[in-house]
Amino acid sequence: LSKRSGNNWVRNGNETWPGTSLGLCKDKVFKTKARTTISNLLETKLVLTLNRSGKDGMRLENFNLDAETADGSQKRRFKCGKIVIVDKKTAIKECFAQFPKSLPTTTRSGPCLRSGKNCDKTTTRPPFRSGSG
């Protein structure tokens, strides 16, 4: 990632880069495979490689990567945590995104009930009234 506005980094500040500054990765599709966690969430990961140029080290206290599904219907935030590059030019980090499982869609889950639940057709009836008035 490179800032076009120069070298004006702020200690303990937050930086946000729009997708346009991600260069060749801007429109790249990364396939991920979700797995179920202990807390019954789905989790997927990306492996991030950061290269630095120059002599100074780089320390990122909290690095997140926002992405969306290929069809654009859902957004995911991959949390990478702390990244430190001091003696090397490259850092490799696993970033994880957790999200709830989609609810199963079923047409019927049991017999037709008086309330109309699980019935294919519902009929509106007038309320029952006794003959005494």
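**Entry 1: the disulfide**

I looked up the link between Cys80 and Cys95 and found that a disulfide joins them, with 2.0 Å from S to S. The term stands for a pair of cysteine sulfur atoms within 2.5 Å. This is a predicted model, in which local features need pLDDT of at least 70, side-chain atom pairs count only at pLDDT 80 or more, and totals for chains, interfaces and linings use all residues. Residues are numbered from 1 along each chain as its sequence is written, and side-chain values use heavy atoms, with hydrogens and water left out.

My search of the whole structure returned one disulfide. Cys80 belongs to strand 4 (residues 75-85) and Cys95 to strand 5 (residues 90-99), so the pair ties together parts that are 15 residues apart in sequence. I noted 110° about the S-S bond, and the link of Cys80 and Cys95 is right-handed. Are these two cysteines buried or exposed? Both Cys80 and Cys95 are buried, where buried means under 20% relative accessible area, exposed over 50%, and partly exposed in between (1.4 Å probe, protein chains only).

**Entry 2: the chain as a whole**

I next recorded the secondary structure, which comes to zero helices and five strands. Helices (H or I, at least four residues) and strands (E, at least two) are DSSP runs, numbered from the N terminus. Read from that end, the order of elements is β-β-β-β-β.

The chain has 133 residues, of which 17% count as buried. Its accessible surface comes to about 11900 Å², and 50% of this belongs to carbon and sulfur atoms. Such areas come from the Shrake-Rupley method with a 1.4 Å probe; for residues, only the protein chains shown count as cover. I also looked up contacts (heavy atoms within 4.5 Å). Among those between residues at least 6 apart in sequence, 41% join residues at least 24 apart.

**Entry 3: salt bridges**

How many salt bridges does the structure hold? I found six, each being a side-chain nitrogen of Lys or Arg within 4 Å of a carboxyl oxygen of Asp or Glu. Side chains of opposite charge can pair when their charged atoms come close.

One of these bridges is formed by Lys45 and Glu94, whose closest N and O atoms are 3.0 Å apart. Lys45 lies in strand 2 (residues 42-51) and Glu94 in strand 5, so this pair ties together parts that are 49 residues apart in sequence. Lys45 is partly exposed at 39% relative accessibility, and Glu94 is partly exposed with a relative accessible area of 39%.

Glu61 and Lys82 form another salt bridge (3.8 Å, N to O). Glu61 sits in strand 3 (residues 58-68) and Lys82 in strand 4, so the pair ties together parts that are 21 residues apart in sequence. I noted 47% relative accessibility for Glu61, which counts as partly exposed, and 41% for Lys82, also partly exposed.

I then checked Glu68 and Lys75, whose side chains meet in a salt bridge (3.8 Å, N to O). Glu68 is partly exposed, at 48%, whereas Lys75 is exposed, at 67% relative accessibility. Salt bridges that share partners join Arg59, Glu61 and Lys82 into one network.

**Entry 4: a backbone angle**

Most residues other than glycine have a negative phi. I recorded a positive phi of about 65° at Asn40, although Asn40 is not a glycine. Where is Asn40 found? Asn40 is in the loop between strand 1 (35-36) and strand 2. With 48% relative accessibility, Asn40 counts as partly exposed.
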